[in-house]
Amino acid sequence: MSSFGTHRARVHDGTRTPRHRLSDLRSCLQHFAPYGFGATYHYLRGSAGIPNRPESDPESLVRAVEELHAARQVWLASVAAYAGRRTAEKRAGRRQPAADDAWRAWRRGWNNIAYCPDPRRHPAEPLPVVVRRALCAPPSGRPGADGRPVCWVCEGPTGTELWRNGYWTYTLCAGCGVGLGRA
């Protein structure tokens with residue numbers, strides 16, 4: 001499997017057909033999709049204005065991959081900072097992550113940053129903003145003042161709702177659609 005950078009370069013390659021460039025954008029999502037594959041693809045189609053026929057606006061694919069790349073850079077910087085901090089902590093004899101960092105163990109990876117189970121519901125803000133906020137936030141599902149889980153992405157008082165995909169029932173933030181766990 002090729003790397004994110006390889007597929008990103010192919011999206012920028014104007015000699016390739018728009019259909020192949022779209023395929024490469026989707027391959028980038030195999031490497032990094034902060035909302036999950038379906039929701040991130042849906043978000044990028046809307047934010048970059050990717051038409052149903054990419055031949056009519058091939059530059060929309062470049063806009064989409066660049067927004068995805070910017071969000072990935074935020075994530076990679078966070079991962080590198082965490083790895084450096086953990087190395088120093090281990091050298092100092094602390095083998096367990098601090099309580100503030102324990103959530104990283106289960107929210108590790110490209111698809112658990114701000115997972116949106118419903119592909120049509122996701123935050124509307126730019127990807128780098130949402131990724132930065134999600135990486136700096138406490139873990140999901142922490143109870144608020146009223147005892148209900150609070151979204152770590154929008155932290156808005158919008159409440160929660162249930163969404164079913166046929167196999168699982170998820171608790172979603174009613175404001176931004178981020179999954180707060182399975183019900």
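Author: In this predicted model, contact means heavy atoms within 4.5 Å. Of the contacts in the chain with a separation of 6 or more, 56% are between residues 24 or more positions apart.

Reader: How much confidence does the predictor place in the chain, in terms of pLDDT?

Author: The average pLDDT of the chain is 87, and 84% of the residues score at least 70. Where pLDDT is low, predicted coordinates should not be read in detail.

Reader: Which elements does the chain have, and in what order do they run from the N terminus?

Author: There are 6 helices and 3 strands, in the order α-α-α-α-α-α-β-β-β. Of the 183 residues, 40% count as buried. The accessible surface of the chain is about 9600 Å², and carbon and sulfur atoms supply 53% of that area.

Reader: What makes Thr40 count as buried?

Author: The cut-off for buried is under 20% relative accessible area. Thr40 has 0%, so it is buried. Thr40 is part of helix H3 (residues 37–47). Beyond its neighbours within four places in sequence, Thr40 is in contact with Leu29, Ala33, Pro34, Tyr35, Leu68 and Leu127.

Reader: Why does His69 count as buried, given its relative accessibility?

Author: The limit is again under 20%, and His69 is at 17%, so the residue counts as buried. His69 lies in helix H4 (residues 59–91). Leaving out residues up to four places away in sequence, His69 touches Phe4 and Arg8.

Reader: How do you know that the buried residues of H6 line one face of the helix?

Author: The buried residues of H6 (residues 127–136) are Leu127, Pro128, Val130, Val131, Ala134 and Leu135. Seen down the helix axis, these residues fall within an arc of 165°, so they line one face. Leu127, one of this set, is also among the contacts of Thr40.

Reader: How many disulfides does the structure hold?

Author: The count is 0. A disulfide needs a pair of cysteine sulfur atoms within 2.5 Å. For Cys116 the closest cysteine sulfur is in Cys176, at 6.4 Å, which is too far for a bond. For Cys151 the nearest cysteine sulfur is also that of Cys176, 3.5 Å away; this exceeds the 2.5 Å limit, so the pair is not a disulfide.

Reader: Are Cys116 and Cys151 buried or exposed?

Author: Cys116 has a relative accessible area of 2% and Cys151 is at 3%. Buried means under 20%, so Cys116 is buried and Cys151 is buried too.

Reader: What does Arg121 touch, and where is it found?

Author: Arg121 is in the loop between H5 and H6. Not counting residues up to four places away in sequence, Arg121 touches Cys116, Glu161, Leu172, Cys173, Ala174, Gly175, Cys176 and Gly177. Arg121 and Thr40 are 81 residues apart along the chain, and their C-alpha atoms are separated by 9.7 Å.

Reader: What makes E1 and E2 a pair of strands?

Author: Two strands pair if there are at least two bridges between them. Strand E1 (residues 160–164) and strand E2 (residues 169–173) are joined by 5 bridges, so they meet the criterion. The two run antiparallel. In E2, Glu161 has Leu172 as its bridge partner, while Arg164 has Thr169. E1 and E2 form a hairpin with 4 residues between them, and Gly166 in the turn has a positive phi of about 105°.

Reader: How many bridges pair E2 with E3?

Author: E2 and strand E3 (residues 179–182) pair over 3 bridges, in the antiparallel sense. At least two are needed, so E2 and E3 qualify as a pair. The partner of Leu172 in E3 is Gly179. The hairpin of E2 and E3 has 5 residues between the strands, and Gly177 takes a positive phi near 85° there.

Reader: Why is E2 described as largely enclosed by the rest of the structure?

Author: Of the 5 residues of E2, 4 are buried, so the strand is largely enclosed. E2 pairs with E1 and with E3.

Methods:
Residues are numbered from 1 along each chain as its sequence is written. This is a predicted model: local features need pLDDT of at least 70, side-chain atom pairs count only at pLDDT 80 or more; totals for chains, interfaces and linings use all residues. Side-chain values use heavy atoms; hydrogens and water are left out. Buried means under 20% relative accessible area, exposed over 50%, partly exposed in between (1.4 Å probe, protein chains only). The arc is that of the directions from the helix axis to the C-beta atoms. pLDDT is the predictor's confidence in each residue, from 0 to 100. Accessible areas come from the Shrake-Rupley method with a 1.4 Å probe; for residues, only the protein chains shown count as cover.
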